[in-house]
Each structure stands twice: as structure tokens, then as C-alpha cells.
Amino acid sequence: GAPILGNAHYRAALDWVRSRHPWWNVSGGADHMFAFPHDEGSCVAPIELRPAILISSWGRTELGPRNSTTTMGEHNWYNRRTLPLMYASYRCFE
């Protein structure tokens, strides 16, 4: 399953876009934008959104972050088992 609720919501949105709009599949998402206006920013994005433009107000800038900075369990994306499913396994900013 998804590591956190936010990832599950974005994954559902991505599945909906992929199934109804062929343009995503033409570019692999490279010409699409997703907004992440919440704590932890794009860390919660599904890894499949990596080619897309991810918009975030969060200022974390390191590659391969090693922790989540939230104190809310439901927002904590850092879980070694599910991390490979998430953009956070690569980076958390755009």
C-alpha cells in the first residue's frame, strides 16, 4: 500500500489522469504540473511523477533526504519499506 495518505491521494489522481487523458502517456508526464501545497512538499509524491513539474512551497533542497521532518505520523513519508514508491527516494524539491 501507499506509505501515507497524501501519497495515496496523488497516486489516485495520477491513475485518473493516465486512464482518461492520453497526453500524459505521450510525454510521460514531463509537460504536466502537480502542486504540493502542504507540509513535506513533494516528498509525498508518487515516484511516477518524477518526470512532471512538481510545485512546492517547501524549502528542503537536498538530494536523497534521509528523514521526514514532520511530527505528524500520518504525514511521515520516511519508511524504508515504502520509500522507493515515493519521490522522496530521489529528492523533495523542484
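**Leu14 in helix H1.** Leu14 sits in helix H1, helices being DSSP runs of H or I with at least four residues and strands runs of E with at least two, both numbered from the N terminus. This is a predicted model, where local features need pLDDT of at least 70, side-chain atom pairs count only at pLDDT 80 or more, and totals for chains, interfaces and linings use all residues. Residues are numbered from 1 along each chain as its sequence is written, and side-chain values use heavy atoms, with hydrogens and water left out. Why does Leu14 count as buried? Because its relative accessibility is 1%, and buried means under 20% relative accessible area (1.4 Å probe, protein chains only).

**What Leu14 touches.** Skip residues up to four places away in sequence, and Leu14 is in contact with Trp24, Glu48 and Leu49; contact here means heavy atoms within 4.5 Å. As for Pro46, 32 residues along the chain from Leu14, the two C-alpha atoms are 8.6 Å apart.

**Phe34 and its partners.** Setting aside neighbours within four places in sequence, Phe34 contacts Tyr10, Ala13, Trp24, Leu49, Ile53, Leu54 and Ile55.

**The largest nonpolar core.** This core has 18 residues, and those touching the most other members are Trp24, Phe34, Phe36, Val44, Leu49, Leu54 and Trp77. Such a core is a set of buried Ala, Val, Leu, Ile, Met, Phe, Trp, Tyr and Cys residues joined through side-chain atoms within 4.5 Å.

Methods. Buried < 20%, exposed > 50% of the residue type's maximum accessible area, 1.4 Å probe, protein only.
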